[in-house]
Number of protein chains: 2
Amino acid sequence: MSNIRDVSKVAGVSVATVSRALQKPELVTEKTRAKVAAAVRELGYQPNMMARNFRRKKSFNILVLVPDFSNPFFSKVIRGIQTTARSYGYNILLGDTQNHEDIEEEMASLLLSNLADGIIQLSARFPFEDLNASGGRILPIVNCCECVETDSMPTVSLDNVGAARAVADHLISLDHTSIGIISGPPDSPLTKSRLSGFLSRLDESGVSVREDCCVDGDYSIESGALAMKELLRLLTRPTAVFCFNDEMAYGAMQQIKAVGLRIPDDIALVGFDDLPYSRIMEPSLTTVSQPSEGFGPAAVEQLLALINGYDLPSRHIQLSFELK
Amino acid sequence: MSNIRDVSKVAGVSVATVSRALQKPELVTEKTRAKVAAAVRELGYQPNMMARNFRRKKSFNILVLVPDFSNPFFSKVIRGIQTTARSYGYNILLGDTQNHEDIEEEMASLLLSNLADGIIQLSARFPFEDLNASGGRILPIVNCCECVETDSMPTVSLDNVGAARAVADHLISLDHTSIGIISGPPDSPLTKSRLSGFLSRLDESGVSVREDCCVDGDYSIESGALAMKELLRLLTRPTAVFCFNDEMAYGAMQQIKAVGLRIPDDIALVGFDDLPYSRIMEPSLTTVSQPSEGFGPAAVEQLLALINGYDLPSRHIQLSFELK
DNA sequence: TTTAAGAATGTAACCGGTTACATAATCACT
DNA sequence: AGTGATTATGTAACCGGTTACATTCTTAAA
């Protein structure tokens, strides 16, 4: 592999000139540029980006931490991140944490070892609480999709409270009064905001949700199935169930059909995310559609502002939903 | 941020000793190791991996090129890649090419600019045909999942021919004689091998497939729906349809139901991939299950062999399927 | 006690770029 | 032609580690 010095020899100029001819062509004569270009072509020279990034003290990598990226919703978001990042010359380092805290922390430390310039965190945990390597300085981390309530880092999230209220609205308009919930892990902020939005709206209409009609899931298909099994065992079972994501709704659907009940006649089902598969299911699942392409670009913008130290109008972006 | 020289000063030893204490502790006295450890702790020193990788001339990154990673099958494979790669100290650079050749090429050039040590290519194109930057040397690229027929790079693939034969077997055993195919892009190797396996087995049983019963898709849900629409328009429509992946089968399913036909009574449907959603659909989709967790580890092993220049028993891994 | 081998540490070059600063070349204008 | 300003190029330090080689310190055998 040839390096910049080889090129400088062939072109008959100094290394600095080669560097400039390639990086800031306007600083160099047309003639020189041509000589350098010729030498580059002759040698098949490719600049060593590792060397450049090292010298510039920037990796041009963004680390994306995903709790589970086989969930199509996250894949969509990541695609948005990647596209936007690329347009700014950044690459994506993938960090599928599989919901494992120690993997998350280990990966997050790539930031501290200079392998990434920033982190986009797709789940609501600040990865440096223990590490507290922050040492006062603000680490370039952006929280996206599932966000913590904090001002210590920028967030990009859906109006979860509003969305859950809309779901409640919908069920109320259909005259449901016995309503079940298949929620996420109770300590997750996502769960909390969806829960509070949903319950508050129901409350306003004088509908209450029985304790035993609330089951926790973990956003997986299996957990949805399990939760629904429990709900089906109840003496007076709900006539409508709000699942906090589509995958759990799929699991629920499966169980409802398995016992011979009909959707939505016997039990109405509402999901969240609007995965493409939800349009295929029989019947088509009612679900909250998130603008999954919107998260990535917003998160990248926030992160770059943090990395490059400039300000944006707002550090907390809230995207809007649509009930489908 | 402190660097190794700061540490060496605080610890009262040379930089070389610090480096050794951290990298090869066995080369250093217990006492020195302790002094260095103390200094590291005091300063909160984190080695600069960019500097290290630069010096070592290795990025410890693997670039994964995916045609469309919102397809859950690929996500699973990538998860396997990531897990295995991590266990060898490698990180994953994500390259969602969105089936775009120029994005693919642009991303692949990260290899030449030293930002990645190797590529795992999840679609069947050799990204350096034009670039031919290879210049004789073997580039560390492994083809995975959808593979080209070549000996110029290692491959990890499913026995697609066998799987397609098994599907044919299955349909024959159900006495189908009018069979349709929703295939992939005709020039793709994946399509070719599935097609040839399927047709050859049918042929052996004296069943032929009418020209107009073969429709090309592009592995998306929409294309499956479109293709099925075409098949449904036929005067004598097939009684069974083999879709080359599950997503297209979903699209097909939707159309079949839309015209009021029943699966499998009126039309039997077979898919490929065994996505989790296929178990939820009504009726559950018959499909070829791929060991999606198997691809990643095998591909990484192959790639590391290439990168580190050692030999493996075989450079062409074939995984086996299961009809579900 | 001497001495040679082996272990621990130090010195400094090096990886391949970038860029501050110095110098040389060009240009515009008297 | 002479001068100053501007532009183009060159020189060399630098980024933060690693590691070959040199040097010093131990240890054990003669």
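Which residues in H5(A) meet which residues in H11(A)? Phe73(A), Lys76(A), Val77(A), Ile78(A), Arg79(A), Gly80(A), Ile81(A), Thr83(A), Thr84(A) and Ala85(A) in H5(A) meet Ser292(A), Glu293(A), Phe295(A), Gly296(A), Pro297(A), Ala299(A) and Val300(A) in H11(A). Contact here requires C-beta atoms, placed from the backbone, within 7 Å. By class, this contact has nine nonpolar, five polar and three charged residues. Ala, Val, Leu, Ile, Met, Phe, Trp, Tyr, Cys and Pro count as nonpolar; Asp, Glu, Lys and Arg count as charged; the others, Gly among them, count as polar.

This is a predicted model: local features need pLDDT of at least 70, side-chain atom pairs count only at pLDDT 80 or more, and totals for chains, interfaces and linings use all residues. Residues are numbered from 1 along each chain as its sequence is written, while chains are lettered from A and ligands numbered from 1 in the order in which they are written.

Two helix pairs are set out below. Helices (H or I, at least four residues) and strands (E, at least two) are DSSP runs, numbered from the N terminus. Axes are lines fitted to C-alpha atoms, for helices over the stretch in contact, and angles run from 0 to 180 degrees between N-to-C directions.

| Pair | Residues | Axes come within | Crossing angle |
|---|---|---|---|
| H5(A) and H11(A) | 72–87 and 292–308 | 7 Å | roughly 40 degrees |
| H7(B) and H8(B) | 160–173 and 189–204 | 7 Å | roughly 40 degrees |

The crossing of H7(B) and H8(B) is right-handed. The crossing of H5(A) and H11(A) is right-handed. That label applies if the near helix is turned clockwise from the far one by less than a right angle, and left-handed if anticlockwise. The H7(B) side of its contact includes Asn160(B), Val161(B) and Arg165(B), and the H8(B) side includes Leu190(B), Arg194(B) and Phe198(B). By class, this contact has eight nonpolar, six polar and four charged residues.

**How the chains pair**

The contact takes 37 residues from chain B and 37 residues from chain A. H4, H5 (72–87), S2 (91–96) and H10 (246–258) of chain B each supply at least two residues of the side that touches chain A. That side of chain B has 19 nonpolar, 13 polar and five charged residues. The copies meet through the same surface, because 100% of the interface residues of chain B are also interface residues in chain A.

**DNA strand D**

DNA strand D is surrounded by 25 residues; the closest are Val13(A), Ala16(A), Ile4(B), Ala16(B) and Ser19(B). Near means a C-beta atom, placed from the backbone, within 6 Å. H2 (15–23) and H4 (49–56) of chain A, with H2 (15–23) and H4 (49–56) of chain B, each supply at least two residues of this surface.

**Backbone details**

The peptide bond from Ile263(A) to Pro264(A) is cis, with omega near 0 degrees. Pro264(A) sits in the loop between H10 (246–258) and S9 (268–273) of chain A. Asn114(A) is not a glycine, yet has a positive phi of about 70 degrees.

Definitions and conventions
Two residues are in contact if their C-beta atoms, placed from the backbone, lie within 7 Å.
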